[in-house]
Amino acid sequence: MPPRRRYPKELREHLVSLVLYEQEKRQTEKTKIIAETAAIYKVPPRRLSEWVRKAEAEDEFKRTIAGYAEQIADLKMELHKLVQMNEALMTVLTQMAKKL
């Protein structure tokens, strides 16, 4: 078995973005686009497929984290509003208790 070749990060990123772009543009099966791209750039299709899978997983992770960050921000705003409402209610209750 021949030794595994190292490919520059820039080439990997370029090929992955090319595959994803072509898939979106042509609405073609990803494996076909990977095979075509790999043949053009003389990269093993299996290796390119691994790079694409890894990039998609990282992208999904980033979207998930971004979604959580957005939810946390919304919850913080809601908590702030609830604290303000609670303080207002406590003020009203205190004033009512003084009148009794």
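Colleague: What share of the 100 residues in the protein chain is buried?

Modeller: Buried residues make up 15% of the 100. Keep in mind that this is a predicted model.

Colleague: How many helices and strands does the protein chain have?

Modeller: Three helices and zero strands. Reading from the N terminus, the order is α-α-α.

Colleague: What makes you call the chain more spread out than a compact globule?

Modeller: Its radius of gyration is 27 Å, while the globule rule gives 13 Å for 100 residues; 27 Å is well over that, so the chain is more spread out than a compact globule. Along its principal axes, the C-alpha trace spans about 90 × 30 × 20 Å.

Colleague: Let's turn to the helices. Why are α1 and α3 called roughly perpendicular?

Modeller: The axes of α1 (residues 9-26) and α3 (residues 45-99) cross at roughly 80°. Angles of 65 to 115 degrees count as roughly perpendicular, and therefore α1 and α3 get that label. Their axes also come within 9 Å.

Colleague: Which residues meet where α1 contacts α3?

Modeller: From α1 there are Arg-12, Leu-15, Val-16, Val-19 and Leu-20; from α3 there are Leu-48, Trp-51, Val-52, Ala-55 and Glu-56. By type, that contact divides into eight nonpolar, two charged and no polar residues.

Colleague: Now a single residue. Why is Glu-22 described as buried?

Modeller: Buried means under 20% relative accessible area. Glu-22 has 15%, so it is buried. Glu-22 sits in helix α1.

Colleague: What does Glu-22 touch, leaving aside residues up to four places away in sequence?

Modeller: Glu-22 touches Gln-27 and Ile-33.

Colleague: His-14 is in helix α1 as well. Why does His-14 count as partly exposed?

Modeller: Partly exposed covers the range between the buried cut-off of 20% and the exposed cut-off of 50%. His-14 has 39% relative accessibility, so it counts as partly exposed.

Colleague: How far apart are His-14 and Ile-40, in sequence and in space?

Modeller: They are 26 residues apart in sequence, and 13 Å apart in space, going C-alpha to C-alpha.

Colleague: One last thing: among contacts between residues at least 6 apart in sequence, what percentage join residues at least 24 apart?

Modeller: For this protein chain, 52% of those contacts do.

Definitions and conventions. Residues are numbered from 1 along each chain as its sequence is written. This is a predicted model: local features need pLDDT of at least 70, side-chain atom pairs count only at pLDDT 80 or more; totals for chains, interfaces and linings use all residues. Side-chain values use heavy atoms; hydrogens and water are left out. Axes are lines fitted to C-alpha atoms, for helices over the stretch in contact, and angles run from 0 to 180 degrees between N-to-C directions. Helices (H or I, at least four residues) and strands (E, at least two) are DSSP runs, numbered from the N terminus. Angles under 35 degrees count as roughly parallel, over 145 as roughly antiparallel, 65 to 115 as roughly perpendicular and the rest as oblique. Contact means heavy atoms within 4.5 Å. Ala, Val, Leu, Ile, Met, Phe, Trp, Tyr, Cys and Pro count as nonpolar, Asp, Glu, Lys and Arg as charged, and the others, Gly among them, as polar. The radius of gyration is taken over C-alpha atoms; the globule rule is 2.2 Å times the number of residues to the power 0.38. Buried means under 20% relative accessible area, exposed over 50%, partly exposed in between (1.4 Å probe, protein chains only).
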